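This report describes selected helix contacts, nonpolar cores and individual residues of one protein model. Please consult the sequence and structure shown below while reading.

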Amino acid sequence: MQARKIGAAAATAVALLAARDLVQKKHALLRNFPVLGHARYLLETIGPELRQYIVTSNEEERPFSRDQRTWIYASAKEENNYFGFGTEVDVEHVQGHAYVKQRTFAGALPDIHDPQAPLPSAKVLGGPRGRAEAFRPASVVNISAMSFGSLSGAAITALNKGAAEAGAMHNTGEGGLSPHHRQGGDLVLQLGTAYFGCRNEDGSFNLDKLKEVVAGAPVRAIEIKLSQGAKPGLGGMLPGAKVTPEIAAIRGIPVGQDCASPSRHTAFGDVDSMLDFVELLATETGLPVGVKSAVGDMGFWQELAALMERRDRGVDFVTIDGGEGGTGAAPRMFADSVSLPFRMGFSRVYGTFAERGLTDDLTFIGSGKLGLPENAAVAFALGVDMINVAREAMLSIGCIQAQKCHTDKCPTGIATQNPWLARGLDPASKSTRAAVYLRTLRKELLKVSSAVGVAHPGLITANDIEIMNGDYEARTLAGVYGYKEGWGELGPRLAKEITALLTPGPAA
């Protein structure tokens, strides 16, 4: 009798817990997996102990270590994101670790305690080429290209609302501009090789449809995607089973039919015709137009810089994606071994434009695991003007690095079109976390800049950071990547402008 009472009480408790999990909106994992989901949080709680004695250290996991994910989670939740008792990085022996060199004295610095952490771009996007809709981006940290279809509608909604709340921009990805992107956040419209949302029936580009899309949404810039870090030089196939009526309407393709994305663009076939296409889009829309690419053969970049040196045509921005980029599902070969990692690839591209004195004439955007303060600081020192975050933004809204993005079985409802899994993600609460993460990263960048003694991360130079080779050798970023005097730095006019924007009183 006593055992039956205990069993009945336990069953009632489990039922009540399951009911609570199903109706709460704070944790997508618990909504999708009531009761069972608590096991994950229990294991996470004792994770440090398990890793210390059984599995791995906090710095060993990839692509994001436990410490990196912990920092993002804590930042997004406005929890304590500090770490105690010193670094876990083996600084005495590790190769390639970056160290920022702080300065004892500094001029005027911005308020690093402002909760909004305002941090605009040092450059006016589209300004040098006189675009009609040129503007200064309000945030140097923005959300990278992730399409609706790869991500759920709930995830896109959360990210766009978060971008709006943080004053950041949101790249649509190549899958087209969906209703989920229309939640108040400013947009960068990405055009991939399939021209989704802006295409004719045969898959060719349709300018009139592009102008309709731009006119009906807060699109601030257009990005032509040449390639991405996850699968550079590779097209794709969207299986007909995934082409729902909603996705078909957004992308302009038939319902239930396979849709191939070519590996190359059909609207242009070389650098010269690409620049004609860029100028066409900019003229017809008034918007800044740029390109996104991973870095492989440098011939493309050398020809682009040579043609832009004439200053009659040119892109307004270039987005460089590192080969370590990873939101797109890809064959292992492409994920591991095609295109250069960000630091090497970006430094080569930047140097190509620097040799011709063009670096102040366009905005450089970096992506590829740059949503961590230390990686972002290195990127700015190399010459980046803004960064795009993708996986870090996913982590901020609940991603647990399950690495099931390609299976349509994402347990937190982010990278899936499964209605049951997607319903677990509450856009209202997750959008706040995305916004808080974006602001926190900006705040961290302001702190690092202040430590260096400058007002903006764009003023950190390639000589302000050293790359360590154990405890016996260190070289500056400039030395490691072959930068010449002044490379990676803003021109005097731009430096003065951004310092004046961020500091009270005259620029130092």
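The axes of α6 (residues 153-166) and α16 (residues 427-452) cross at roughly 45 degrees and come within 7 Å. Axes here are lines fitted to C-alpha atoms, for helices over the stretch in contact, and angles run from 0 to 180 degrees between N-to-C directions. Helices (H or I, at least four residues) and strands (E, at least two) are DSSP runs numbered from the N terminus.

This is a predicted model, in which local features need pLDDT of at least 70 and side-chain atom pairs count only at pLDDT 80 or more, while totals for chains, interfaces and linings use all residues. Residues are numbered from 1 along each chain as its sequence is written, and side-chain values use heavy atoms, with hydrogens and water left out.

**Helix contacts of α16**

The crossing of α6 past α16 is right-handed, a term for a near helix turned clockwise from the far one by less than a right angle, with anticlockwise giving left-handed. Contact means heavy atoms within 4.5 Å. On the α6 side, the contacting residues include Ala 154, Leu 159, Lys 161 and Glu 165, and on the α16 side they include Pro 427, Lys 430, Leu 438 and Arg 442. By class, nine nonpolar, four polar and five charged residues make up the contact of α6 with α16. In this classification Ala, Val, Leu, Ile, Met, Phe, Trp, Tyr, Cys and Pro are nonpolar, Asp, Glu, Lys and Arg are charged, and the others, Gly among them, are polar.

Helix α13 (residues 373-382) also meets α16: their axes come within 10 Å and cross at roughly 60 degrees. The pair α13 and α16 is therefore oblique. α13 passes α16 in a right-handed crossing. Pro 373, Ala 376, Ala 377 and Phe 380 of α13 make the contact with Leu 441, Glu 444, Leu 445 and Val 448 of α16. The contact of α13 with α16 has seven nonpolar residues, no polar residues and one charged residue.

**Nonpolar cores and a covered helix**

In soluble globular proteins, nonpolar side chains tend to be buried together. A nonpolar core is a set of buried Ala, Val, Leu, Ile, Met, Phe, Trp, Tyr and Cys residues joined through side-chain atoms within 4.5 Å. Buried means under 20% relative accessible area, exposed over 50%, and partly exposed in between (1.4 Å probe, protein chains only).

The largest nonpolar core has 124 residues, of which Leu 210, Leu 281 and Phe 353 touch the most other members. Helix α16 gives the most to this core, with eight residues. Not counting residues up to four places away in sequence, Leu 281 touches Leu 191, Phe 205, Leu 207, Leu 210, Ile 222, Ile 224, Gly 286 and Val 289. A second, separate core of six residues includes Ala 194, Phe 196, Val 243 and Cys 259.

Helix α5 (residues 66-76) is mostly covered, with ten of its eleven residues buried. Among the buried residues of α5 are Arg 66, Asp 67, Trp 71 and Tyr 73. Glu 78, which follows α5, has a positive phi near 60 degrees.

**Individual residues**

Most residues other than glycine have a negative phi. Ala 117, although not a glycine, has a positive phi of about 45 degrees; its place is the loop between β1 (95-100) and β2 (141-143). Asp 408 is likewise not a glycine and has a positive phi of about 65 degrees; Asp 408 is found in the loop between α14 (391-396) and α15 (419-422).

Leu 22 is in helix α1 (residues 2-23). Leaving aside neighbours within four places in sequence, Leu 22 contacts Arg 31, Pro 34, Trp 420 and Arg 423. Leu 22 and Gly 424 are 402 residues apart in sequence, with 8.5 Å between their C-alpha atoms.

The relative accessibilities of selected residues are listed here.

| Residue | Relative accessibility | Class |
|---|---|---|
| Ala 117 | 1% | buried |
| Ser 339 | 23% | partly exposed |
| Asp 408 | 26% | partly exposed |
| Leu 22 | 32% | partly exposed |
| Thr 266 | 54% | exposed |

Terms used
Angles under 35 degrees count as roughly parallel, over 145 as roughly antiparallel, 65 to 115 as roughly perpendicular and the rest as oblique.
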